[in-house]
Protein chains: 2
Amino acid sequence: MNKKQLIAKLSGSLNLSKADAERTFDTITNTILDSLKGDDPVKIAGFGTYKVAKRKARVGRNPRTGEQIQIAASQKVKFLPAKALKEVFNK
Amino acid sequence: MNKKQLIAKLSGSLNLSKADAERTFDTITNTILDSLKGDDPVKIAGFGTYKVAKRKARVGRNPRTGEQIQIAASQKVKFLPAKALKEVFNK
DNA sequence: TTACTATATGCAAAAACTGCATACCCATTT
DNA sequence: AAATGGGTATGCAGTTTTTGCATATAGTAA
């Protein structure tokens, strides 16, 4: 399922136009991102937690040439599924 | 930020009652979950991809006792941030 | 058509995973 | 409003898993 299909489903379920459904969805993702930008994890009970994970610098490798490369420290968004979410897929 | 605070923010941004904001949000998470239950990854352009990762059974260890333990195969929801999302946190 | 994303490759190092007790934070209930 | 219950974070050790490097191509999406 891609974003377009998701928006179409939400449009039906929420009785909104597709434009409104998309605007609503984007508002939610932006709100989550804003919180993460402020380094504040977003905890959704029963679904999961979004947090920014800091990754240390390390030595990598160019797979094409085999040459070693220094990789800078970086940050990425992590999603940790809530307990309830794990159970759904392990019953 | 927890779910309650997120709902409050959305209520303001979307001009909805808190009850409606929560209903909207839950509809979205449920829609995503339903797709995942059907083993269909959900790809949100510019945000990320949710997919179900299957993990094989393996031998683990109880860190407290050092005792070896057989770990059953399981599944968990993975979120892979989109390129745009990574850039936000690495500029 | 233009933009994004998945894939494939080898390999080093970071990170996740396991059980479990404790502490903590949040939500619900009285 | 206060109390209680439940989900979540933490630390621990060692093994498994993931990550991420460059880059072109193929596929999908806007």
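**Entry 1: a pair within one helix**

I began with B:Asp34 and B:Lys37, whose side chains meet in a salt bridge at 3.8 Å, N to O. The model is predicted, so I kept to side-chain atom pairs at pLDDT 80 or more. Both residues sit in helix α2 of chain B, three residues apart, about one turn of the helix. I then looked up the exposure of B:Asp34: it counts as partly exposed, at 49% relative accessibility.

Next I checked B:Lys3. Its partner in a salt bridge is B:Glu22, with the closest N and O atoms 3.9 Å apart. This pair links distant parts of the chain, 19 residues apart: B:Glu22 is in helix α2 of chain B and B:Lys3 in helix α1 of chain B. Is B:Lys3 buried or exposed? I found B:Lys3 buried, at 17% relative accessibility. B:Glu22 is partly exposed, at 35%.

I turned to chain A. A:Asp26 and A:Lys3 form a salt bridge through their side chains, 2.9 Å from N to O. A:Lys3 belongs to helix α1 (residues 3–14) of chain A and A:Asp26 to helix α2 (residues 18–37) of chain A, so the pair ties together parts 23 residues apart in sequence. A:Lys3 is buried, with a relative accessible area of 17%. A:Asp26 is partly exposed, at 24%. I also noted a network of salt bridges that links A:Lys3, A:Glu22 and A:Asp26.

For the whole structure, my search gave 10 salt bridges over all chains.

**Entry 2: the interface**

How many salt bridges are there between chain B and chain A? I counted zero. Polar contacts do cross the interface: I listed nine residue pairs, both residues at pLDDT 80 or more.

I then looked at which elements of chain B touch chain A. Each of α1 (3–14), α2 (18–37), β1 (42–44), β2 (48–55), β5 (74–81) and α3 (83–88) supplies at least two residues to that side. The largest share, 11 residues, comes from α2(B). By class, I have 22 nonpolar, 10 polar and six charged residues on the side of chain B that touches chain A.

Last, I took the totals. The contact draws 38 residues from chain B and 38 residues from chain A. About 3600 Å² is buried between the two chains, and carbon and sulfur atoms give 76% of that area. Which residues of chain B lose the most area to chain A? I noted B:Met1, B:Ile28 and B:Phe89, together 19% of what that side buries.

Terms used:
Residues numbered from 1 in each chain as written. Chains lettered and ligands numbered in written order. Predicted model: local features only at pLDDT ≥ 70, side-chain atom pairs only at ≥ 80, totals over all residues. Heavy atoms only, no water. Contact = heavy atoms within 4.5 Å. Buried area = accessible area lost by both parts, 1.4 Å probe. Salt bridge = Lys/Arg side-chain N within 4 Å of Asp/Glu carboxyl O. Polar contact = N/O pair within 3.5 Å; in protein donor to acceptor, adjacent residues only side chain to side chain. Helix = DSSP H or I, 4+ residues; strand = E, 2+ residues; numbered from the N terminus. Nonpolar A, V, L, I, M, F, W, Y, C, P; charged D, E, K, R; others polar. Buried < 20%, exposed > 50% of the residue type's maximum accessible area, 1.4 Å probe, protein only.
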